[in-house]
Amino acid sequence: GHNYFRSANPYRLNSYAGFGEAYYQVLPEVKLTAGLGWTDDNKTFWDIPSWAFLEGGGYPVESIVNQQWKEWTGRFVADWTPKLDFTDQTLIYASYSRGYKGGGANPPRPAVDITGDQGTVAHPATFAPEFIDAYELGTKDTLLDGAVTMNGDVFYYDYKGYQISQIVDRTSINLNFDAKVSGAELESTWEPLPGLRFNFAGGYETSSVDKGQSAIDLIDRTAGN
C-alpha cells in the first residue's frame, strides 16, 4: 500500500596518478623546486531518474555515460634566503601551481514531471573538470633574536570550470563557473618575556564569478515577484 521514492547516482571511478619533484640549488641563497603530476581518470555513470516505485515497475537505467580525462598538473617554487641586517632569518618565496579535479555526469530529470505549468530547470547531462592556476608571493621572517616572527603573503587563484552543486528536482546537479579569488594574509608572534606571547593574524580576500554566467537562485526562484 506504499510507494517508495528513490534517488540513486551510482558511478564507478578508476583513477591513476603519478607525481615527482626536483630541487636545484642555483645559488647558496636561491633554491628552485619543480613538480609535475599526471592523472588519468575513467568514470562510468549510470543514469537512473529519481521517481516513486510503482507496482510491476522498477528503477531502469536510462543510459550509461563513459568519461575519461588525462591531465598534467604541477608546481614551481623559487625560494630566496637573503642575509639582511634587520632580520635574523628571512625567506622570500614565489610559487605557481596548477590543480585539477575531474568532472562527471549529472543525474537525469525525475521520471515524473511535478513542476506543472511553472516550467522546468534544465539538467546538464555532464559537468566539466575543474582547473585552478594559483599564484603566491610571500615571506617568512624571524627578528630580535627569535622574539618576533612575521609571515605574510599575497595570492591569486584563477579557476576555470569551478564546480558548484545545486539541489534541483529532488536531486543534486553540478554546474561549472569561472571564478577568481585574490587576497593577502599576515601572521606574527611576539614573545617579550619567556612564557608571555602575543599573536596576531589577519587576512583579506575578495572573489568574483566571471561576467555572463548565471544560475537559478533556488532560495528565491521568483526573484521577488
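Mentor: Let us begin with burial: buried means under 20% relative accessible area, exposed over 50%, and partly exposed in between (1.4 Å probe, protein chains only). This is a predicted model, in which local features need pLDDT of at least 70 and side-chain atom pairs count only at pLDDT 80 or more, while totals for chains, interfaces and linings use all residues. Residues are numbered from 1 along each chain as its sequence is written, and side-chain values use heavy atoms, with hydrogens and water left out.

Trainee: Which side chain of opposite charge is nearest to D41?

Mentor: Lys and Arg count as positive, Asp and Glu as negative; His and the chain ends are not counted. A salt bridge requires a side-chain nitrogen of Lys or Arg within 4 Å of a carboxyl oxygen of Asp or Glu. D41 is buried without a salt bridge, and the nearest such side chain, K43, is 7.4 Å away.

Trainee: With which side chains does D41 make polar contacts?

Mentor: A polar contact is a pair of N or O atoms within 3.5 Å; within protein, one must be able to donate a hydrogen and the other to accept it, and residues adjacent in sequence count only if both atoms are side-chain atoms. The D41 side chain contacts that of S15 at 2.5 Å and that of Y100 at 2.7 Å.

Trainee: Is W72 buried or exposed?

Mentor: W72 is exposed, at 55% relative accessible area.

Trainee: In which strand does D41 lie, and in which W72?

Mentor: Strands (E, at least two residues) are DSSP runs, numbered from the N terminus. D41 lies in strand 3 (residues 30–47), and W72 in strand 5 (residues 63–80).

Conventions
Helices (H or I, at least four residues) and strands (E, at least two) are DSSP runs, numbered from the N terminus.
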